[in-house]
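Student: I am new to this structure and would like to learn how to read its features. Could you take me through them step by step?

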Amino acid sequence: AAVAWSPSRAALLATCTAAGRVHVWTVAGIRGPEAVAPPTAVAEAPCTSLAFAADGRRLAVGDARGRCSVLALSESAAHADAAEDARLDEVLGGLADKSQ
């Protein structure tokens, strides 16, 4: 399993599972973390690594058998809107308040 944060959308992260599925999430959803897309099966072996391209539009996924897949994200998935940025600021502000 692995986790990667998007370089182009601060609230976006991807996770991969031992079942070979990739999940893409926003941590700044209206009701908390929300899936951005349905889970995608990319491998029959456990996923072991993830990396976003610099523009946030592609996601490389490595599996335990040494195979690599590249997933394309839509433009809307790769880049946040102002409302999501504001929600992320609220989430991070709430975490900072709790740590003090």
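Student: Is L92 buried, partly exposed or exposed, and what is its relative accessibility?

Tutor: Buried means under 20% relative accessible area, exposed means over 50%, and partly exposed lies in between, with a 1.4 Å probe and protein chains only. L92 has 46% relative accessibility, so this residue counts as partly exposed. Its place is in helix α2. Helices (H or I, at least four residues) and strands (E, at least two) are DSSP runs, numbered from the N terminus.

Tutor: Before we go on, please note that this is a predicted model: local features need pLDDT of at least 70, side-chain atom pairs count only at pLDDT 80 or more, and totals for chains, interfaces and linings use all residues. Residues are numbered from 1 along each chain as its sequence is written, and side-chain values use heavy atoms, with hydrogens and water left out.

Student: Which residues make the nonpolar surface patch?

Tutor: Patches are made of residues with over 30% relative accessible area and no salt bridge; like charges are joined within 9 Å, and nonpolar side chains (Val, Leu, Ile, Met, Phe, Trp, Tyr) within 5 Å. Here V91, L92 and L95 make a nonpolar patch of about 250 Å². Accessible areas come from the Shrake-Rupley method with a 1.4 Å probe, and for residues only the protein chains shown count as cover.

Student: How many salt bridges does a search of the whole structure find?

Tutor: Side chains of opposite charge can pair when their charged atoms come close. A salt bridge is a side-chain nitrogen of Lys or Arg within 4 Å of a carboxyl oxygen of Asp or Glu. The search finds three. In one of them, E84 pairs with R9, with the closest N and O atoms 2.6 Å apart. This pair links distant parts of the chain, 75 residues apart: E84 sits in helix α2 (residues 82–99), and R9 in the loop between β1 (2–5) and β2 (12–16). Both E84 and R9 are buried.

Student: Which residue forms a salt bridge with R57?

Tutor: That is E75, and the closest N and O atoms are 2.7 Å apart. Here too the pair links distant parts of the chain: R57 is in the loop between β6 (47–52) and β7 (58–63), and E75 is in helix α1 (residues 75–78). R57 counts as partly exposed because its relative accessibility is 30%. E75 is also partly exposed, at 42%.

Student: Which residue does T26 join through a polar contact of side chains?

Tutor: A polar contact is a pair of N or O atoms within 3.5 Å; within protein, one must be able to donate a hydrogen and the other to accept it, and residues adjacent in sequence count only if both atoms are side-chain atoms. The side chain of T26 joins that of E84 at 2.7 Å. T26 lies in strand β3 and is buried, with a relative accessible area of 5%.

Student: Which residues touch the most other members of the largest nonpolar core?

Tutor: In soluble globular proteins, nonpolar side chains tend to be buried together. A nonpolar core is a set of buried Ala, Val, Leu, Ile, Met, Phe, Trp, Tyr and Cys residues joined through side-chain atoms within 4.5 Å. Of the 17 residues in the largest one, V22, V42, L50, F52, L59 and V61 touch the most other members. At least two residues of this core come from each of β1, β2, β3 (21–26), β6 and β7.
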